[in-house]
Amino acid sequence: MQKVRISNGMFMALIINMVYAKAIGLTQGSIAREVGGDMWISTFFSSIQGCLMMLLTIYVIRQSPESNILGQSELLLGKWFGKIISLILFLFFVGAAGAVYTTFVYHLKDYFLPEAPTIIFVIAGFIIAVFALYHGIEVIGRMALIGVFSILMLNILIIFGSIRDFDIRELMPLFQYGVLPDLWASRHNNTDWAMATMMAAVILPMVKEKNTWKRSGALGIVLGGAFVIIWPILETGVLTAEVAGQYIVSCMQMARSAQIGLFFHRYEMIMIAFFSLSALTQIIMTFFCAAVSIQNLIGMKSHKPAILPASLILSGFGYWVVLDHHRAIDYIETYWVTLAMSIAIGIPLMVLVLGFIFRKKLKQSKSASM
Amino acid sequence: MAAKFKICVLVCVLILILSGCKTGKRELNDLALVMAVGLDKGSSEGLIKVTTQIARPSDARGQTGAPSGQTGDPIWSASAEGETIFQAIRNLSTFSSRRVFWAHNLIIVINEKLAKEGIREIIDFFTRNPELRMRTWVAVTPNKASEVVSTVTGLEVVPGEALDKLFRYTPISVQAPRTQILDLQASYLSESTEPILARLRLVNRGVSNKKPGQEGGYKQVELAGAGVFKGDKLVGTLKPFEVRSVLPFLEAMDTGMLILHCPDDKQKKITVELRNQKFKVIPSFKNNKPAFTVSYQTDGSVVEAACPFSLEERAKVDAIEREMEQEKKKEFEKLVRRAQKELNSDFLELGKVFHNRYPVEWRRIHSQWETIFPTVEIKVKTMAKVKDTVLLKNQTKSGRINK
């Protein structure tokens, strides 16, 4: 059977989509509550850290380019170690589902259908994601390419709609909270990059051009970072950091405030239309990576039978998180940060160190695959 | 075949759950579209009165408002009271046949008596509500807010729309700041800046076309300066002529005007339109105390002269320029004095300007800003140049020699 492959462009698009939806809204609210007008500096710091995390992950996978981080773990320390790493990654994506469902549900429910039951949104996300997953990663990759176009359109529209009310004084003074607090606040955005890097750790072997992995990964982060950083700059300059920090989903406040002329205002609907592909890509890819983790954990030949159970577990957890606003924000700002950062940095680092120790094993596998 | 069946089932499921048929739907016919809302004190202590001006779309058609819904009235105003705004709105539904819908609301008008007691819950309610636009205008009024939102003003059929347009064209009239709910929220949340809101009032100035003799026979809403807050409480008001000095501190300036004395004949007036106005507040930190220099530059365009005036007469031009500078300086100094001594409210955003330039020093003083603000030194520097006389080159004077 021929292996499924995605192009490097699709890989880049998946990275951008994977980070965008949550980073512009919920994340910015969390950062604004900590460092106010420095939120864009914090986001910038985070993009640099995200780039480093991505390069580390790519470097690790390139040690044995035919296997993802799960396969590589198995290769290095045997079956059981591989299963432990699979379980940890599965837990990571369960945790990620809490964050991505919070993004998806609160954008739709709080701003459009406040009276609709939460379960409707969770079921909608579940059905679309499972449907996409049965069509395979290539279809998802193509969808992500359209998602990048949507993100670009949304960014252009939000710039046009808010530039008139932009007050650069709100961005001053720089580093008003200091460099270290800004760096510390960047952990919120780092969790978004963590989702992208862990996704890369799972899907990289499917990306066609191995030689340009680094370039694609870094470019994906740079473009994703550029698309994201526009939002904290505008949110600070138009809404002010105090207002952005008041809200759970600060990007929707930004959309509510944008207008071009008299008849083109209230961007919420436009925002949802353009950002939904990114939000759905986040859900789909967390389901996909969780299914691949289950596949490795149980030792199945294909990830497809694992799609449904994995999606059900992730949706169940996501539903539990979003049912209570306080719980959701508390989870995203505390537990999820610890979980995401420790796994997204810890696992690639561990595999990297093990790769140095057991170089021979990796060389053997590399030569066997060639 | 099986794949097609699966797709059909999926589409059916998606149609059911995504169309909004089950829950959360709102039919247009079931909605009462609020165009303006007025907030007054209730009939007894602790109560708040909410007046909503609701459009009757069938009677508000067309620019003339020619009735087609057979009621002849393009709006329906309804009031209800409650202990909170939310309760008052819920009480509205006891007699409103449709559900109150805020998404099209254009303005929130708050009565000054209520504003003096505090508007925290008003800011909270209207910024918490997902239906409202963040660009909704907010104003205070000395009159009953219920009356202001129900008064048809100008050419518009729906009063809310008329008030919206008053604000849209304030850059020309320069009579009130263009305050929106987002600005109010931002200044209320700010650690240094105090809120300022536009002020509206009712005046008898309408002229009936049918009875032109009864001039001023019916009320119209007009922009009437600004209301200044300290925290969430209204502490004073600014007159329209004072507002033109406030605006440069808050918004990008469009145009303005000054009425000056003719250099040769002080009884006659000369009107100068202010263009290319440049405004800057420069903070400094002297003797452990903040200080500010307000710098204002403008070009003047003579738009009306009741006396002979030409740019070729340099002495006259210089005299006009000096008067412009003095006039603006006086205006700014008076405003700053009022803000510092009388109102003790930093609605001019001086604290913010200082914070931007001196963040370290600001950290030292920000907790005492309220006591420091009235004592800070503020210098005003103005510069004016008269550069054109619009279309005319020569003076407008009678051709007869004796005249």
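How many residues of chain B are in contact with chain A, and how many residues of chain A do they meet? In this predicted model, 21 residues of chain B are in contact with 27 residues of chain A; two residues are in contact if their C-beta atoms, placed from the backbone, lie within 7 Å.

Residues are numbered from 1 along each chain as its sequence is written, and chains are lettered from A, with ligands numbered from 1, in the order in which they are written. Because the model is predicted, local features need a pLDDT of at least 70 and side-chain atom pairs count only at pLDDT 80 or more, while totals for chains, interfaces and linings use all residues.

On the side of chain B that touches chain A, the elements giving two or more residues are helix H1 (2-18), helix H8 (181-189) and helix H11 (350-357) of chain B. Helices (H or I, at least four residues) and strands (E, at least two) are DSSP runs, numbered from the N terminus. H1(B) provides the largest share of this side, five residues. Sorted by class, this side of chain B has 11 nonpolar, seven polar and three charged residues. Here Ala, Val, Leu, Ile, Met, Phe, Trp, Tyr, Cys and Pro count as nonpolar, Asp, Glu, Lys and Arg as charged, and the others, Gly among them, as polar.

**The two chains**

The table sets out the secondary structure and burial of each chain. A residue is buried if 20 or more other C-beta atoms lie within 10 Å of its own, exposed if 12 or fewer, and partly exposed in between, with C-beta atoms placed from the backbone.

| Chain | Secondary structure | Buried residues |
|---|---|---|
| Chain A | 16 helices and two strands | 56% of 370 residues |
| Chain B | 13 helices and 13 strands | 37% of 403 residues |

The radius of gyration of chain A, taken over C-alpha atoms, is 20 Å. The C-alpha trace of chain A spans about 65 × 45 × 35 Å along its principal axes.

**The nonpolar cores**

A nonpolar core is a set of buried Ala, Val, Leu, Ile, Met, Phe, Trp, Tyr and Cys residues joined through C-beta atoms within 7 Å. The largest core has 206 residues, and those with the most contacts inside it are Met199(A) and Phe287(A). Helix H13 (residues 268-298) of chain A gives the largest share of this core, 16 residues. Leaving aside residues up to four places away in sequence, Phe287(A) touches Ala129(A), Leu133(A), Ile307(A), Ala310(A), Ser311(A) and Leu314(A). A second, separate core of 12 residues includes Leu260(B), Phe309(B), Ile320(B) and Met324(B).

**The domains of chain B**

Chain B is divided into domain 1 (30-249) and domain 2 (255-396), with bounds from an automatic or database domain assignment. The centres of domain 1 and domain 2 of chain B, taken over C-alpha atoms, are separated by 31 Å. Their contact takes 19 residues from domain 1 of chain B and 20 residues from domain 2 of chain B. H9(B) supplies the largest share of the side of domain 1 that touches domain 2, six residues.

**Confidence**

The model scores ipTM 0.86 and pTM 0.87. Chain B averages a pLDDT of 84, and 88% of its residues score at least 70; pLDDT is the predictor's confidence in each residue, from 0 to 100.

Methods. The radius of gyration is taken over C-alpha atoms; the globule rule is 2.2 Å times the number of residues to the power 0.38.
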